[in-house]
Amino acid sequence: MAARKPRMNRLARTLQSSIGSKFLMSVTGILLLLFVIAHMLGNLQVFAGPDQLNAYAAKLQSLGPLLWVVRLGLLAIFVVHIGAAIRVTNSNRAARPVAYVYPGSVQSTFAGRTMMMSGLIVLAFLIYHVLHFTVGTTNPDHFHLVDETGRHDVYSMVVMGFSQWPIALVYVVANILVGVHISHGASSAFQTLGVTHPRLAFLKQGFGPGIATLIVVGNLSMPLACLFGLVQLPA
Ligand code: HEM
């Protein structure tokens, strides 16, 4: 047991180093990306109607304590991702205390240069989003609804929320930023994790923008479909 301590310290020190923080940021980023894809696929069931979406939501709720394990795991992943991002940003600043004279002249993209900003706005959106749909604080009148079978009426909650243009607009803008963040993050995670083989270059360059576009299209389709009446409350 005593012999293990120095090794644990070494692991902790490695993870806190600049490269260790980048590694943690990449691994947690990929886990968050998987969550965003799964969440989107689940939510797209809104297009299949109230019964389908409410049954899906009820199934998630029926997981009981397991749902809390997943929620706490997700929260821990978010916390590690944000902590590692702050560390990486700080060590990048320490390595280059004077900003580039011509920021546009270095090999960087808009998405890459604004990762901290897009990440912070996505975090603010997430807090609002959980208060809106999971806790029901922001629109309690949409939240406390049940369908004819007694299940939480998630379908009506979503449709009523997105039928109000200020709410739909928040979701549209926030989900575009989610896409901007993923577009750079997913590609650079492959680079950090060592996917550098020339044959896999497409993963580094094309994967981020490609998956981000799919996520933006999927996530914008829901508020826009409700706002423009393509998805409506049950008759
Ligand atoms: C238009 C896009 C989105 C829709 C329609 C949507 C819909 C929902 C709904 C209905 C819930 C509540 C689930 C329930 O309690 O039954 C929820 C929860 C949640 N959403 Fe979203 N969501 C969207 C985008 C996002 C994005 C982009 C993220 C992450 C970046 C996200 C993260 C979460 C989280 C963390 C929860 C809390 C899960 C829980 O613990 O219950 N959502 N979302």
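Biologist: How many helices and strands does the chain have?
Modeller: This is a predicted model. The chain has 10 helices and 0 strands. Along the sequence the pattern reads α-α-α-α-α-α-α-α-α-α.

Biologist: What box do the C-alpha atoms fill?
Modeller: Roughly 60 × 55 × 35 Å, taken along the principal axes.

Biologist: What's the average pLDDT?
Modeller: The chain averages 89. At least 70 is reached by 91% of the residues.

Biologist: Which elements have the lowest and highest mean pLDDT?
Modeller: Helix H1, residues 4-16, is lowest among the elements, with a mean of 73. H8 is highest, at 98. Separately, pLDDT is below 50 over residues 101-107. Beyond near neighbours in sequence, that stretch has 1 contact in the model.

Biologist: On to the ligand. How many residues surround it, and which are closest?
Modeller: There are 20 residues around the ligand. The closest are Asn43, Ala57, Arg71, Phe133 and Asn219.

Biologist: Which helices each supply at least two residues of that shell?
Modeller: H2 (18-43), H3 (50-61), H6 (115-135), H8 (154-162), H9 (165-192) and H10 (201-227).

Biologist: And which gives the most?
Modeller: H6, with 6 residues of the shell.

Biologist: How does the shell divide by class?
Modeller: Into 13 nonpolar, 6 polar and 1 charged.

Biologist: Now packing. How do H2 and H4 cross?
Modeller: H4 covers residues 65-95. The axes of H2 and H4 come within 8 Å and cross at roughly 140 degrees. The two helices are therefore oblique to each other. Their crossing is left-handed.

Biologist: Which residues make that contact?
Modeller: From H2, they include Ser18, Leu24, Met25, Leu32 and Phe35. From H4, they include Leu74, Ile77, His81, Arg87 and Ser91. By class, the contact of H2 with H4 has 11 nonpolar, 6 polar and 2 charged residues.

Biologist: And H2 with H9, at what angle do the axes cross?
Modeller: At roughly 130 degrees, with the axes coming within 9 Å.

Terms used. Residues numbered from 1 in each chain as written. Predicted model: local features only at pLDDT ≥ 70, side-chain atom pairs only at ≥ 80, totals over all residues. Near = placed C-beta within 6 Å. Helix = DSSP H or I, 4+ residues; strand = E, 2+ residues; numbered from the N terminus. Nonpolar A, V, L, I, M, F, W, Y, C, P; charged D, E, K, R; others polar. Axes fitted to C-alpha atoms, helices over the stretch in contact; angles between N-to-C directions. pLDDT = per-residue confidence, 0-100. Contact = placed C-beta atoms within 7 Å. Parallel < 35°, antiparallel > 145°, perpendicular 65-115°, else oblique. Left-handed = near helix turned anticlockwise from the far one by under 90°.
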